[in-house]
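Subject: Structure for your review

Dear colleague,

Please find the structure below. A summary of what was found follows it.

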Amino acid sequence: MAFEGFELSQITVPDPAGEVSLRVRHGGSGPPLLLLHGYPETHMMWARVAQGLADSFTVVCPDLRGYGGSTKPPSSRDNETSSKRAMARDAVNLMASLGFDRFAVAGHDRGGRVAYRLALDHPAAVAKVSILDIIPTGEVWARADRRFALAYWHWSFLAQPHPMPETLIGADPEYALFRAQFGGAIPGFDPEAYADYLAAARSPSVIHGMCEDYRAGAGYDRLLDEADKTAGKKIACPVQVLWGAKAALAAWYDTLAIWREWADDVQGQAVDCGHFIPEEKPDETLALLRGFFADGR
């Protein structure tokens, strides 16, 4: 059973736009470790890894705002309410509510974008950060080309103005969000986790939340990244970067070189799988995360 021994709860955190309720699982003992999920999933994507990490860490797994069982924030003209900055605020407030002012964080996909924004905006709170299968949002848009447009078409589609993408996705959420984009990966998902993803994805408010996330990525998040890079702002803590050897990052980018423009202390490697690293290679992911976060540097 996934997350056996973990507590499932709704935790309310403050926010300028109104309180945010986050669906959270947490368990284990030891130093605090926050795990952040990606699109189009929920915290259940960590089901095969969290149990092993809980032997050494106090593991906290929330649904990001807009996703799963967490608050769907009100839309804002600039999409700040769905930005990675807003999600990072949630993370800091969540961990503080559990008694942790400083913690480690790992994020996959959209969760990785929250993780590096968290490290940039709240350096005193983040001890170490592991970022799985992304490069910074601003770098993605700056390098967008024909390959990106064809393979990552959902970035532009989801960012279109409401209600066009919401309407089209709502006609068949499983096809639009999973089978059309990630059909080959689905057989490898934990069945309990996939059922959770689908239950969330059938909610119109979750569909809207995902679209708002990508609208923020195309505008608010991208502009923050560009401003930080121009200012020379860098991640202060040690950074681990993992990427799928069979996924887009390996084919398109020099991933470590890009991240070394954003942090001085960067290590990482490819994992022999596609995009969904913790689900495709849970044992390897567990070993790599455990080794990095246990490292005394």
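How many of the five residues of strand β3 (residues 32-36) are buried? Five of the five are, so β3 is largely enclosed by the rest of the structure. Here, buried means under 20% relative accessible area, exposed over 50%, and partly exposed in between, with a 1.4 Å probe and protein chains only. Helices (H or I, at least four residues) and strands (E, at least two) are DSSP runs, numbered from the N terminus.

The model is predicted: local features need pLDDT of at least 70 and side-chain atom pairs count only at pLDDT 80 or more, while totals for chains, interfaces and linings use all residues. Residues are numbered from 1 along each chain as its sequence is written, and side-chain values use heavy atoms, with hydrogens and water left out.

Strands pair if DSSP finds at least two bridges between them. β3 runs parallel to β4 (residues 58-62), joined by three bridges, and leucine 33 stands opposite valine 59 of β4. Four bridges join β3 to β5 (residues 103-108), again in parallel, and leucine 35 stands opposite alanine 106 of β5.

Glycine 99, which follows α2, has a positive phi, near 95 degrees.

The largest pocket

The largest pocket has a volume of about 340 Å³. Of its 22 lining residues, Ala151, Tyr152, His154, Phe182 and His275 are the closest to its centre. On a 1 Å grid over the protein atoms alone, a pocket is an open set of points where a 1.4 Å probe fits, with protein on both sides within 12 Å along at least five of seven lines; lining residues have an atom within 4 Å of a point. Grid points are joined across faces, edges and corners, and the volume is the space filled by probe spheres set on the points. Helices α3 (110-121), α6 (153-158) and α8 (173-182) each supply at least two lining residues.

Kind regards
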